[in-house]
Amino acid sequence: FVDLFCGGCNIAINVTAKNLICNDSEKHLIGLLKKMKSDGSEKFSYNIGNIIKQYNLSDTTKNTYDFYECNSSSGLGKYNKIPFLKLREHFNYLSSKDDNYFYEFFTLIVYAFNNQIRFNSEGKFNLPVGKRDFNKKMQNKLKLFVDVIQRKKIKFNNNSFEKFDIASLESGSFIYADPPYLITTATYNEKNAWTEADEQKL
């Protein structure tokens, strides 16, 4: 089973197949997925916890919203804004070969607006702070997700759909293609990241 535009792998991890190939052109995302698979849920979560402590970000598994002088409706953005910006600045100068690169990347996603991924034209992560933190629900979801990708036979590919080698697939393979949408604007297709020309090529 090939997920040609895998994103967060929601489809692939719920498919029963002998082999799974998750492909995406977003190199940071594929690197993160590989890191999760190699680390396992316990090690990965432990290192996220260290980043949270290091930057003094909120931790509602230990403290209440009142502790951070925030409430659940307006969220934790007011408290997290400064430490989040410090983390973002540090991450944007890290090399992907740095030991903490993908831990900092995931922590940014957790604390960023709507848990999204966005890089500017200079390759810098540029989303603002969001409302939530690495709460218990998110920790449980991460554990379930990482346990599944460790258990299943998954290969992560970082290619454009055009460069994916379809000819190398064995007989009986199934390719699932859920590309970005032309009819909407989102972080994955803004600034001509997916155009009508791409649609025609696909």
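From the N terminus on, the elements run β-β-α-α-α-α-α-β-β-α. That makes 6 helices and 4 strands. Helices here are DSSP runs of H or I with at least four residues, strands are runs of E with at least two, and both are numbered from the N terminus.

A word on the model. It is predicted, so to speak of a local feature I need pLDDT of at least 70, side-chain atom pairs count only at pLDDT 80 or more, and totals for chains, interfaces and linings use all residues. Residues are numbered from 1 along each chain as its sequence is written, and side-chain values use heavy atoms, with hydrogens and water left out.

Overall dimensions next. The C-alpha trace spans about 55 × 35 × 35 Å along its principal axes.

The protein exposes about 12100 Å². Carbon and sulfur atoms supply 49% of that area. Areas come from the Shrake-Rupley method with a 1.4 Å probe, and for residues only the protein chains shown count as cover. Of the 202 residues, 40% count as buried. Buried means under 20% relative accessible area, exposed means over 50%, and partly exposed is in between, with a 1.4 Å probe and protein chains only.

Contacts, meaning heavy atoms within 4.5 Å. Take those with a sequence separation of 6 or more: 62% of them join residues 24 or more positions apart.

On to a helix pair. Two packed helices are described by the angle between their axes and the distance between the axes. Helix α1, residues 27–39, packs on helix α2, residues 41–54, at about 115°, and the axes are 6 Å apart. Axes are lines fitted to C-alpha atoms, for helices over the stretch in contact, and angles run from 0 to 180 degrees between N-to-C directions. From α1 the contact uses L32, K35, M36 and D39; from α2 it uses S41, K43 and F44. By class, that is 3 nonpolar, 1 polar and 3 charged residues. Nonpolar covers Ala, Val, Leu, Ile, Met, Phe, Trp, Tyr, Cys and Pro; charged covers Asp, Glu, Lys and Arg; the others, Gly among them, are polar.

Which residues are linked in a network of salt bridges? K35, D39 and K43. A salt bridge here is a side-chain nitrogen of Lys or Arg within 4 Å of a carboxyl oxygen of Asp or Glu. K35 to D39 is 3.9 Å, N to O. K43 to D39 is 3.7 Å, N to O. K35 and D39 both sit in α1, 4 residues apart, about one turn of the helix. An α-helix has 3.6 residues a turn, so residues three or four places apart point the same way. D39 is buried at 14% relative accessibility. K35 is partly exposed at 22%, and K43 is partly exposed at 46%.

The total is 6 salt bridges. Another one joins K18 and E170, with the closest N and O atoms 3.3 Å apart. K18 lies in the loop between β1 (2–3) and β2 (20–23), and E170 in the loop between β3 (154–157) and β4 (175–176), so the pair ties together parts 152 residues apart in sequence. K18 itself is exposed, at 63%.

Now helix α4, residues 101–111. How many of its residues are buried? 11 of the 11, so α4 is largely enclosed by the rest of the structure. The buried residues include F102, E104, T107 and Y111. The buried residues of α4 pack against α1, α2, α3 (77–91) and α5 (136–151).

Look at Y111 in α4. Its relative accessibility is 1%, so Y111 counts as buried. Leaving aside neighbours within four places in sequence, the contacts of Y111 include I52, N80, F84 and V129. Y111 and V129 are 18 residues apart in sequence, yet 5.9 Å apart in space, C-alpha to C-alpha.

N80, in helix α3, is buried at 0%. Beyond four places in sequence, N80 touches L57, S58, Y111, V129 and R132.

N92 is buried at 15%. With residues up to four places away not counted, N92 touches K124 and F125.
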